[in-house]
2 protein chains.
Amino acid sequence: MSATVSTTVGGITTARGFRAAGISAGIKANRGLDLALIVSDTPADVAAVFTTNLAIAAPVVVSREHLARSGGVARAVIVNSGCANACTGDEGMANARVMASETARLAGCREDEVLVASTGVIGVGLPIEKITSGLPRAFAALGADQGPAAAQAIMTTDPFPKEAAVRVVLDGREAVIGGMAKGSGMIEPMMATMLAFVTTDAAVPQPLLQRALRDAVNTTFNAITVDGECSTNDAVMLLANGRSGASVNDASYAAFVDGLTTVCRELALGIVRGGEGATKLVTVQVTGAASEHDARITAKAIANSPLVKTAIHGGDPNWGRLIAVAGRAGVAFELSRAVVTIGSIVLFQDGRPHDERAPDAAAYLQGKALTVSVDLGSGTASSTVWTCDLSAEYVKINADYRT
Amino acid sequence: MSATVSTTVGGITTARGFRAAGISAGIKANRGLDLALIVSDTPADVAAVFTTNLAIAAPVVVSREHLARSGGVARAVIVNSGCANACTGDEGMANARVMASETARLAGCREDEVLVASTGVIGVGLPIEKITSGLPRAFAALGADQGPAAAQAIMTTDPFPKEAAVRVVLDGREAVIGGMAKGSGMIEPMMATMLAFVTTDAAVPQPLLQRALRDAVNTTFNAITVDGECSTNDAVMLLANGRSGASVNDASYAAFVDGLTTVCRELALGIVRGGEGATKLVTVQVTGAASEHDARITAKAIANSPLVKTAIHGGDPNWGRLIAVAGRAGVAFELSRAVVTIGSIVLFQDGRPHDERAPDAAAYLQGKALTVSVDLGSGTASSTVWTCDLSAEYVKINADYRT
């Protein structure tokens, strides 16, 4: 890759011409920040990917409509946490529309230039009056230094906010790509993710922007899983306002995607590190697959296996569970040629265990960032997926979520 | 169904002409019962279904070979717990063969008339000398009253043994079908299950016996899941010795399958009730599906969803999680026509929540045997699957399994 990427501290407002705010509108019972606003000073090109869940939430429906109507131009994004506005019927749709139209009125733009997102409990009505009365305060709070507040305001069960930014050089001109994300449970995005918002001050033609987002999401947000659950509200939105003077064309596309992928990966890994009950970040590598599709399916199956995730939680180098998942994943698998590696320690090869190395692997598993690898012995394709361990704390969080 | 079924207390030796034993061969560290033997006094027709996991264990390979070579006749089944003899290479295969040949020598039958099964940790070598030195004691202990000992000897993390038996009337003659099963974790059988053994004193031609077993397994063992994991060693074996004088033909087939299904369902539900960390038995019903396949896929997705399982564990009528799983299951789903019911309480219908009924549903979820239902609003097909809740105890058991 032609990467000229340097990771910097930053987030959704690091790119020039973007301001944000995060305020408490009183949606969350604990009075925490729950309303985030992103505004581009000038109309921005926008690309987005959304959940493939058929129980699609009202804000996703509205955002899709607006994208289609505006032809991919946006001025503002309004996001609330504490309520998903999903499975809320006609009233939920009406509330999502009011959320957009009130934002448009205050921003002085068209309604279809506003995108809407919600996250929180499914099936609870959106307290729209709290949002409309909070919106003027959000606009008053807008600032180029308010990215951290916005990143706080989109959190639900997240233990920490997720922000990232990089500088990229495109044909000799510097641009910034920065973003924020939220998500901790109900995480196995399918062609999208939980909520993530990315801004860039590069100029990117909309079709190229959409293509870049799909390319970056495929190996980042779509390659993570906390619990194998795909949300009703998943969305990644990318706004490009061109304020840096740098622009993306065929020559600089690779550098832009490289930078975008770096930001998306950092945000996605933040979601996994902050997964519900997570104590370890686990990189699952599958190699020797007959196809990339097979590799991804197997990596996801391993990453979602409760037996693998609990073994890792317990620091147990139980490679038999990795083999058992690979064997049931429904892909080409050859036991006699399969290899299981934990860290760099080969525990199963040539059809035979190497349990004399188990103590080394157990010591390695005491770490916080781990890699487990399975070679399927059936080809040359590979895939990498990220997940976390499964702890008793996950059960506690989700058994008590609404009580 | 033409059922003349009465459930009786009984197990693997309730059918005439079958004896069993369960002894301690010293395979388990805790010196518990770990070697089970089933002998038919006369050659029995035998049918079996095995794991579809491609990381297939040595005893499964050997049992399949023997079934093919004998043409479906068996005299004895030898089973050890405490070691799965899976992923153990050529030595594992040799050990499984010795286990069969030694049993055949003591039973006075051909080697291919012996079936072999193992269950326990994957990737650990089978201590074959403990088994061969234990075998004479197992033969000495054989008795028509030793079914309970055999059911104990096949357990690993199971909290209790699983036994069941029924009497069926076939063309006016009475026969017995009885069995035992084990399994608690790594349970989502695919065309098979964990270990289950069923005997009958009906005479059943082998092809009909295999067909009956497939029919019964499809709606019982193949309709349960504890954790979505399919083992390397899953097997269900059914022996028929004809000693009752009752025989199965086209006229009495339905009555036989009815009885066999009753036994298999009781054993399968025992596995779920005794699932690792389980505190509740959950029946998942999916209706309104476009096809039976769609219904089964969705029911399994719900039954394997950690968010659904933890909500049920916490007594939270979080119907939004059921809708979210149905929406991501990859099947036809119509949100506006979908219905979610917990017990008999409708919580979501016509696109709208009925959260005023949530307290009733929460009270219902305090029970130990629960039903949750989702209508996909897309057709007339349905499927029922059984699972258990997900508790912190599940994590504890599996994080510490080998330590």
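Biologist: At what angle do helix α2 (residues 89-107) of chain B and helix α3 (residues 128-141) of chain B pack, and how far apart are their axes?

Modeller: This is a predicted model, in which local features need pLDDT of at least 70, side-chain atom pairs count only at pLDDT 80 or more, and totals for chains, interfaces and linings use all residues. Residues are numbered from 1 along each chain as its sequence is written, chains are lettered from A and ligands numbered from 1 in the order written, and side-chain values use heavy atoms, without hydrogens and water. Axes are lines fitted to C-alpha atoms, for helices over the stretch in contact, with angles from 0 to 180 degrees between N-to-C directions. Helices are DSSP runs (H or I, at least four residues), as are strands (E, at least two), numbered from the N terminus. Here the angle is about 20° and the axes are 10 Å apart. Angles under 35 degrees count as roughly parallel, so α2(B) and α3(B) are roughly parallel to each other.

Biologist: Which residues of α2(B) and α3(B) make the contact?

Modeller: Contact means heavy atoms within 4.5 Å. Among them are B:Asn95, B:Val98 and B:Met99 of α2(B), and B:Ile128, B:Ile131 and B:Phe139 of α3(B).

Biologist: Is A:Val46 buried or exposed?

Modeller: Buried means under 20% relative accessible area, exposed over 50%, partly exposed in between (1.4 Å probe, protein chains only). A:Val46, in strand β3 (residues 35-50) of chain A, has 0% relative accessibility and therefore counts as buried. Leaving out residues up to four places away in sequence, A:Val46 touches residues including A:Leu67, A:Leu115 and A:Leu239.

Methods: Angles under 35 degrees count as roughly parallel, over 145 as roughly antiparallel, 65 to 115 as roughly perpendicular and the rest as oblique.
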